[in-house]
Each structure stands twice: as structure tokens, then as C-alpha cells.
Amino acid sequence: MGSSSPSQLVDTATSSGFEYIFPAIRGVQAGREFYVSMCPLRLIPKIFLFDEDELAPEVRAQRVLNKGRLPALTRYIVDNPDNYVFSALTASVDGEMNFESISDSGVGMRAGQIRIPMAARFLINDGQHRRAAIEAALKENPDLGEETIAVVFFHDAGLARCQQMFADLNRHAVRPPRSIGVLYDHRDDLAIITRLLAMKSPVFKGHVEMENSTLSQRSRKLFTLSAVYYATQSLLQGLEVSKEQAQTLAEEYWAAIDEVIPEWEMVRRRELSAPEVRRDFIHSHGIALHALGRIGNTLLKSAEDPKVWKPKLLRLKSVDWARSNTDWEGRALIGGRVSKSHQNLTLTVNYLRHRMKLRLSPEEQRVEDAYVRGDS
């Protein structure tokens, strides 16, 4: 085995007689042996199982598959065959695992192969959505079947142990802030546009929090990268323009908004501090940026020429963005605190549309009517 090439090692992860044979490295956690191997994608749907969805939660070893997540995961693999990345699957094996090392001493004691009877049951503890996405992707692109994914094998010590493994594996899982996702995403054109805005636009340069999606009270930043992202997404929604045109439109639009919100310029001139502006006004908060993006989308769809839409933004000068303005309560604010709900976003957009004498969409009018009636 020591002289086998990597491709040959991968090929050993197939059935041999009545066994599966996987190249593996042996490790120990909490006094228990486990094994790390590489498995061809074509084998993943065949040998790794889910609990049946109809079982009650207390007798399952993992959560029910969320099928709504699968299309995006599948498209990620299919659309990026040259640079997709999937982390390891974790599985429990309800059956014998016999490890054969390549040496009786030294480092070689940790490397070798594991033999697992084909009758054994493989249950995924972590990675069930990746497994399902791999299965769907293989139907579209069977050539992916020869690629591999890392798999961590544990002995199945019963339902309680499997449930505890699932809880432990997910206990400390923390979704990264949306801002850092935008910062590191090089596939999404909108993420690229947003980063360029944050780094080069006079409006945003030096005043955007690039990693976190929330700002501390003492932060010297005015905006978060995620807020700029979603606002620009709303601005460009449905526009049939190239990436370069989208970049130009976004830069021109936010520069025009900057001209009607004097406090942003005052922060850049250090006449006001960013914490003061965030505390006393709502226009640097995500809900206001998002609403301004929606307003801009309406203007850009009617005319992409700044000479046409830019003068219309002057009506925003009459907007009182102060938190003390009671018009915001129930719209952008709930109990004096900024609300990010979809309904509050719509009510904020409606307020700005009224100020700019723009027509509400049917959905916006429905939300507005409910607000005026005092419906919860």
C-alpha cells in the first residue's frame, strides 16, 4: 500500500468481496479510535444513510433534511466544478471496522486501511445536506463521481451516542457574519461591487465595517459591509446592465444620496462622530440603506441617466432622519429601536416614497393600509 499512487488509493474505496476497503489514518478522541479517509463522491449516496423522516425526533440521530437548502448546494457544486470546497462528512458505522496499519511501529502505525463489512450501516452525524447535494449533483454531472470528499468514521455506539455526537458537532457551530462572507466571496459579482464601493467610493471609504454585521456603540464606522451589500442589491435588482455598468450606477447613486444626507459628510470632516450619527439618526442603519436602495431601483428602472433621476433625489432633503422624529416609530423603529423586519422595511420605503411623490406597489399599499388601520 505504501507504493500506491493517490488515485490508486482512492480506487480502493470500493467493495472488495463482502467488504468496503478505505485508505485511512487512525486517530483517538476521548479514548475512542476513529478513522479519517477519502471517499469517491459516487459512493456517498450509496453507502451513507439518513434516518427516516417519519421517525419521531427522539428516536432519530439527526435533524430532518431541509430540502429547501439542496438546490443552492447542488448548484454550488455543479456550477463550480473546478473550485468548489466541501468539508468532511462525519459518520457512525454500525458494524465492525478492522484497521490494518502499513507498519507495526512509528508513524506507519497510524496509516493503513479499514475494512468494513458491506452489511454495516453508515449513518451521517454531520453533513447530511452535503450528502444529498452530492447525490443531486452527480445526476447532472456524473464525472464528479471520481472526485473525493473526506470522511471521518466513528464506531456507532448506539442512538444516545449518535444523538450526542450530533449535538456536540453543532453545539459550537457559528455562522460567520454576513459582512465577512461578502468580503471573501469572489464568485458573487454583487459582492465584488460592494467591496469596491467600500474601498474606493468617497461615500464609504474608511467608514465601512468589513467583518462584522453589527456595530458596537463605540465603533468609528458608519456602515456595515452587509448593509451596503443588501442596499446595493435592492438598488440593482432587475436591471439589465453589465457588471461594469452596475458598478458605475451604484457609485453614482450612492454619491447622489450622500449629497442629500449632510451628516455623512460631517462625519468625514470629523464635525460629527460616527457613534453620534448612528445614535441620533437612522440613515446609516441597514434598514434605511436598504430602503434607499429600493427607492433608487425605482428611479433607475425609469431612467438610468443620472441627469433624469438625480434631481428627483433632492426631495429627500426634506426628510427628517432623526430618531426623535416620531414618524419613524412603527416604521423604522419599534419602541425606539431600529427594526429589520420585512414589514418595517416596507413601511420605511413607503415613507420615503410619499416624500418623493412615488407610487406604492400593490404589496406596499397593502402593508401601508394595515399600518394606518393599526393592524399588528
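In this predicted model, helix 7 (residues 189-200) packs against helix 9 (residues 243-260) at an angle of about 40°, with the two axes 10 Å apart; helices here are DSSP runs of H or I of at least four residues, strands are runs of E of at least two, and both are numbered from the N terminus. Axes are lines fitted to C-alpha atoms, for helices over the stretch in contact, and angles run from 0 to 180 degrees between N-to-C directions. Helix 7 and helix 9 are therefore oblique to each other, where angles under 35 degrees count as roughly parallel, over 145 as roughly antiparallel, 65 to 115 as roughly perpendicular and the rest as oblique. Their crossing is right-handed, that is, the near helix is turned clockwise from the far one by less than a right angle. The contact (heavy atoms within 4.5 Å) involves Asp189, Ile192, Ile193, Leu196 and Leu197 of helix 7, which meet Lys243, Ala246, Gln247, Ala250, Glu251 and Trp254 of helix 9. By class, this contact comprises seven nonpolar, one polar and three charged residues, with Ala, Val, Leu, Ile, Met, Phe, Trp, Tyr, Cys and Pro counted as nonpolar, Asp, Glu, Lys and Arg as charged, and the others, Gly among them, as polar.

Helix 9 also packs against helix 12, at an angle of about 115° and with the axes 11 Å apart, and this crossing is right-handed. Leu249, Tyr253, Trp254 and Ile257 of helix 9 are in contact with Leu289, Leu292, Gly293, Ile295, Gly296 and Leu300 of helix 12, a set of eight nonpolar, two polar and no charged residues.

Helix 12 (286-302) also contributes two or more residues to the lining of the second largest pocket, as do strand 11 (223-224), helix 8 (225-236), helix 11 (274-280) and strand 13 (337-338). This pocket has a volume of about 850 Å³; on a 1 Å grid over the protein atoms alone, a pocket is an open set of points with protein on both sides within 12 Å along at least five of seven lines, and lining residues have an atom within 4 Å of a point. Grid points are joined across faces, edges and corners, and the volume is the space filled by probe spheres (1.4 Å) set on the points. Nine nonpolar, twelve polar and six charged residues form the lining.

Residues are numbered from 1 along each chain as its sequence is written. Local features need pLDDT of at least 70 and side-chain atom pairs pLDDT 80 or more, whereas totals for chains, interfaces and linings use all residues, and side-chain values use heavy atoms, without hydrogens and water.
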